[in-house]
Every structure is written in C-alpha cells, then in structure tokens.
Amino acid sequence: MLQTVMSDPVLEIEHLTRRFGSFTAVNELTLSVNAGEIFGLLGSNGAGKTTTIKMLTTLLPPTSGEARVAGFSIRTRAVQVRRAIGYVPQAVSVDGSLTGYENLLIFAKLYDLPHHEQKDRIAQALEFMGLTADGGRLVGQYSGGMVRRLEIAQATLHRPPVLFLDEPTVGLDPIARDAVWKHLVDLRTAYGTTLVFTTHYLEEAEGHCDRIAIMHLGKLAALGSCKELEASFGGGHTLNEVFVHYAGVTLDSGGTFRDVSAERATAQRLG
Amino acid sequence: MTPTCIHPLTGFIEKTFVITEFELRKLRHDFMELITRALQPALWLLIFGEVFSRNGAMHTGTTPYIDFIAPGILAQSVLFVAIFYGINVIWERDLGIVQKFLASPTPRAALVLGKGFSAGVRSLSQATIVYLLSILLGVKLNWSPLALLNVLILVILAATLFSTFSLVIACIVKTRERFMGVGQVLTMPLFFASNAIYPTAIMPSWLRLVSHFNPLTYVVDGLRVSMLAASPSSFGLGQDYAVIILTTIVLVIIGARLYPHLAT
C-alpha cells in the first residue's frame with residue numbers, strides 16, 4: 001500500500017490545541033500526513049478525534065497551534081482550505097428529501113464546477129460509488145451504505161486532495177462497510193486522494209491504513225504503521241493490545257452525552 | 001480541485017441562489033407543506049375577520065374591516081410560518097448537513113440569505129390563498145401590475161426577514177425544545193404590537209410606540225397600501241421598504257456571524 005504514498009506532507013499539524021473552558025479536548029497535537037496516505041485517527045470516546053477533524057476542516061478554530069492543509073493555514077486561509085478538502089461528517093449529511101443526483105448537483109454548484117462539466121462529473125461520481133442506477137431516487141429511500149457512498153461522492157465531487165471522514169462506517173453492517181472501503185481505496189488509487197479518518201474499528205485501521213495515530217485524552221499517544229506499533233511491543237501482540245496500552249483500558253472513559261447520542265442516532269439512521 | 005477566480009459579490013449572489021435552489025427543490029418532492037401553510041390564514045380571515053367585521057367594533061375609517069384585515073392576515077401568516085423556520089436549521093445541525101455546508105467554501109452570508117429567500121418563495125402560497133379568499137369575501141383589491149409586484153416582493157422580503165430572525169435565534173439556543181419556547185414567546189408580541197388586525201390609532205400610546213419598532217408594522221403597512229384599491233399608507237412605501245430591507249441586512253450579518261457556531 002505504501003508505494004502509492006508520496007513523501008510530501010499534505011497535512012501538517014503543529015502543537016494544535018483546543019480548550020473548552022478548563023477542559024482541553026486536543027492538547028499540543030503534532031503530526032503530519034503524506035499525500036496519498038490513508039491515515040487513521042484512533043482513540044476511545046472523548047480522546048479528541050472529532051475535535052481534531054473539526055479544526056482541520058475549519059469548523060472549529062483552534063485555541064493555539066497551527067495546521068496546514070494542502071499548504072494552507074487553517075487559521076488564516078480557511079476558504080482555501082475548504083476548497084482543498086472534502087468532509088464526510090459522522091452524522092448523515094445528505095438531504096433525504098432530495099434525489100442523489102440533486103444532492104450532488106447542489107455541491108457541484110457550491111464548489112464552482114464549470115456548468116458544462118457538472119452533469120458528467122455527477123455521473124462519474126455516481127458511477128464511481130456504484131450508485132448510477134439510484135441517482136434519480138430520493139435519498140430517504142437509500143440503504144445506510146448507499147447514503148455513506150453518496151456522502152463520499154458529494155464530498156469528492158470537486159476532487160479534493162484531502163478527504164476527512166469522521167467514523168465513516170459507524171452503524172453499517174459488515175458488507176456495507178466493505179463496500180464503502182472498497183470505494184474509498186479506489187478513490188485513493190484513481191485520484192491520489194489522501195484519506196484522513198477516525199474510527200473505532202481496529203480491523204479497519206489494520207486493513208486499510210498506511211499509518212495510524214492513537215489519541216488519548218487529547219494527546220498523541222502513538223504514531224506509526226500498524227505493523228510498526230505491534231512490533232514495538234515485541235512479537236505476538238495484536239493491534240487491540242497496542243490500542244488498550246495507549247488509549248487506556250477504560251474504553252468508555254470519555255465522550256459527552258451529545259457525542260454518544262449523536263453516534264447512536266447516526267447508527268440508527270444508517271442501520 | 002477546481003481553481004476559480006470569481007468576484008466575491010458575484011460568488012455571493014450565485015451561492016445565495018444555489019442555497020435557495022437547494023431548499024426549493026425539496027418542495028418538488030413534497031407539496032403538502034404548501035397546502036398546510038394555507039390553512040391558518042383561511043381560518044383567520046373566514047372566522048376572525050368575518051366576526052369582527054360584523055361586530056363593527058374596529059374603527060378602520062372608510063376601509064371595511066375585512067379589507068383592512070386581509071393584508072394583516074397575509075403578513076401574520078408569513079410571520080407565523082417564518083418564525084419557526086429555525087427549527088429546520090436545528091434539525092440540519094443534528095444531522096450533519098450544517099457541518100457539510102460550513103466545510104464548503106460557500107460564504108456564510110450566502111448560506112443564511114439563501115435559506116431566507118427560500119422561505120420567501122415558499123410563503124407565496126400564503127399570498128395566493130389570501131388573494132383567493134379576499135376575492136371570495138369581496139375585498140376591493142388593487143390589480144395593477146405594479147401593486148401586485150409590490151405585494152410579491154414584500155411577501156418574499158417579509159418571510160426572508162422573519163426566517164432569518166428565526167435562524168439567528170436557532171443559532172443561539174441550538175436545541176429544539178428551547179427554540180419552540182422562544183418562538184412561542186416572540187410570535188404573539190410581534191403580532192399584537194403591530195397594525196395587523198387593528199389600527200395603531202386605537203392602541204395605548206406605549207404600544208403604539210413599540211409598534212413603530214416592529215418590522216411587522218411596516219410589512220403590514222406596505223402590504224395594505226399595495227394590496228387594497230384604496231388605503232392610505234401610514235409611513236409611505238419607501239420607508240416600509242427601507243425598514244424591511246435594512247432589518248434583513250442586519251439580521252443576515254448577525255446570522256452569518258452566528259451560523260458557524262452550529263457546527264462547534
């Protein structure tokens with residue numbers, strides 16, 4: 001997998017910090033992600049993964065520190081960052097009362113795709129995500145896996161160099177999860193898109209990530225490829241054991257009521 | 001990535017209409033909303049309007065009461081629907097739609113104004129039903145194209161104004177429960193401290209003063225002078241437009257500042 005990764009960083013995070021009152025959600029996070037890399041952000045609930053993604057997608061200003069996405073500062077060049085990224089939030093972000101095609105059309109217009117190209121690009125995006133036959137149907141009638149694939153199509157219509165996904169497979173059954181991942185990997189292969197995503201599923205990290213970062217209580221606890229992290233513990237250790245070591249044994253230690261209810265609501269809507 | 005060199009103002013106007021289109025496309029798949037919107041003004045005109053015009057308790061000068069109240073009910077029904085527009089925004093926040101739009105390069109003010117305009121276009125169904133009922137009830141309407149155009153623009157602007165106000169409240173309270181409470185608290189004072197169902201002349205002086213700071217008063221005044229064949233304006237159509245447009249601009253600016261807070 002690593003052979004497709006270019007060595008120039010497309011995402012550089014330096015001492016990124018976000019506080020909410022006295023609570024520090026993300027604490028001095030420093031790391032970089034290379035162009036074309038599939039990068040997983042892991043951690044228990046409340047570890048700071050979603051807050052990190054929100055800062056990198058310019059939805060939340062950092063308290064201190066800096067990050068550059070595709071060379072643009074999230075603090076001073078937010079609009080350029082937004083042009084350079086695609087974002088698939090954890091919650092459902094397409095409109096169920098419109099068709100798949102209409103959901104894509106609105107974003108084609110918002111991202112200034114040339115008018116004469118819009119139809120073709122939407123058709124390509126639908127085909128790429130295996131939704132050609134369903135473009136004219138109301139999204140309210142889609143299955144959970146189809147909704148996620150449409151969201152990815154919507155977020156990548158403008159061919160961003162970086163795609164952020166917050167728990168892209170939460171609430172999906174294993175078959176739908178595999179389909180989503182197949183399309184995500186294809187996206188990287190076809191367009192060199194860098195994928196940065198959060199997940200609770202360790203097998204996804206193991207199966208797809210070039211590198212992972214494990215966050216714990218807002219801090220970077222470990223960084224490297226799954227193999228490297230497992231090897232650093234000596235032979236015979238699983239990623240699960242590595243995760244428990246760095247993220248703490250108390251998997252349910254964090255996360256606000258809102259985080260948990262949002263996650264369950266998403267799972268319910270997609271499931 | 002698609003490189004673009006679009007003038008900020010052109011981009012803003014273009015994106016505003018894309019957001020309006022996004023909202024209006026939903027209507028193509030669900031007409032029910034337009035029908036339910038028409039019920040409330042029908043009840044007010046047919047029951048409240050009819051009863052009070054027989055009673056003769058309202059002194060509306062040479063204008064029959066049913067004529068007087070018709071533009072007021074149109075403004076009221078626009079207010080009553082638009083003031084709850086913010087609930088949609090809270091719903092979109094609970095999903096991830098707000099976040100996805102905010103992570104796009106769309107100007108924040110275009111997100112806010114585009115939604116406002118869509119509420120404006122939707123409210124034209126209420127204008128249609130009020131006109132139909134007015135014909136039925138014998139209201140003497142002004143059918144000149146200019147007058148109709150004024151009504152059209154005023155209704156769209158009024159719904160834009162109040163739905164943007166609603167969006168601002170939604171950005172502040174953020175939850176459905178709180179929003180419903182605040183919406184109820186705001187609707188009635190706005191309605192009663194206006195010239196919608198009685199002339200400001202019969203108000204106590206303190207309420208009359210309050211009504212001059214109420215944008216609904218100017219909406220009703222503008223609608224009354226445009227809709228009816230013979231009705232003098234209290235403020236002049238120019239002042240009505242000025243107040244409505246300026247209030248909307250201020251609310252859009254506030255909304256654009258607050259809207260990103262929905263994603264945090």
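In which helix of chain A does A:Tyr191 lie? A:Tyr191 lies in helix H6 of chain A.

This is a predicted model, in which local features need pLDDT of at least 70 and side-chain atom pairs count only at pLDDT 80 or more, while totals for chains, interfaces and linings use all residues. Residues are numbered from 1 along each chain as its sequence is written, and chains are lettered from A and ligands numbered from 1 in the order in which they are written.

**View 1. Chain A and its helices and strands.** Chain A contains 10 helices and 10 strands. Helices (H or I, at least four residues) and strands (E, at least two) are DSSP runs, numbered from the N terminus. Chain A has 271 residues, of which 50% count as buried. A residue is buried if 20 or more other C-beta atoms lie within 10 Å of its own, exposed if 12 or fewer, and partly exposed in between, with C-beta atoms placed from the backbone. Among contacts in chain A between residues at least 6 apart in sequence, 71% are between residues at least 24 apart. Two residues are in contact if their C-beta atoms, placed from the backbone, lie within 7 Å.

**View 2. Helices H5 and H6 of chain A.** Two packed helices are described by the angle between their axes and the distance between the axes. For helix H5 (residues 144-156) and helix H6 (residues 174-191) of chain A, the angle is about 15° and the axes are 9 Å apart. Axes are lines fitted to C-alpha atoms, for helices over the stretch in contact, and angles run from 0 to 180 degrees between N-to-C directions. H5(A) and H6(A) are therefore roughly parallel to each other. Angles under 35 degrees count as roughly parallel, over 145 as roughly antiparallel, 65 to 115 as roughly perpendicular and the rest as oblique. The crossing of H5(A) and H6(A) is right-handed; a crossing is left-handed if the near helix is turned anticlockwise from the far one by less than a right angle, and right-handed if clockwise. On H5(A), the residues of the contact include A:Arg148, A:Arg149 and A:Ile152, and on H6(A) they include A:Val180, A:His183 and A:Leu184. By class, six residues of this contact are nonpolar, four polar and two charged. Ala, Val, Leu, Ile, Met, Phe, Trp, Tyr, Cys and Pro count as nonpolar, Asp, Glu, Lys and Arg as charged, and the others, Gly among them, as polar.

View 3. A:Tyr191 is partly exposed, with 15 other C-beta atoms within 10 Å. The C-alpha atoms of A:Tyr191 and A:Ile106 are 22 Å apart, and the two residues are 85 residues apart along the chain.

**View 4. Helices H3 and H4 of chain A.** The axes of helix H3 (residues 100-110) and helix H4 (residues 115-128) of chain A cross at roughly 125° and come within 10 Å. That makes H3(A) oblique to H4(A). The crossing is right-handed. Among the residues that make the contact are A:Leu104 and A:Leu105 of H3(A) and A:Ile122 and A:Leu126 of H4(A). The contact has seven nonpolar residues, two polar and one charged.

View 5. In helix H9 (residues 239-247) of chain A, the buried residues are A:Val242, A:Phe243, A:Tyr246 and A:Ala247. Seen down the axis of H9(A), these fall within an arc of 105°, so they line one face of the helix; the arc is that of the directions from the helix axis to the C-beta atoms. On the other side of H9(A), A:Asn240 and A:Glu241 are exposed. The cover over the buried residues of H9(A) includes strand S3 (38-42) and strand S9 (211-216) of chain A. A:His216 lies in strand S9 and is buried, with 22 other C-beta atoms within 10 Å. Beyond four places in sequence, the contacts of A:His216 include A:Tyr246, A:Ala247 and A:Gly248. A:Gly248 follows H9(A) and has a positive phi, near 90°.

**View 6. Positive phi at A:His15.** Most residues other than glycine have a negative phi. A:His15, which is not a glycine, has a positive phi near 50°. A:His15 is in strand S1 (residues 9-20) of chain A and is partly exposed, with 13 other C-beta atoms within 10 Å.
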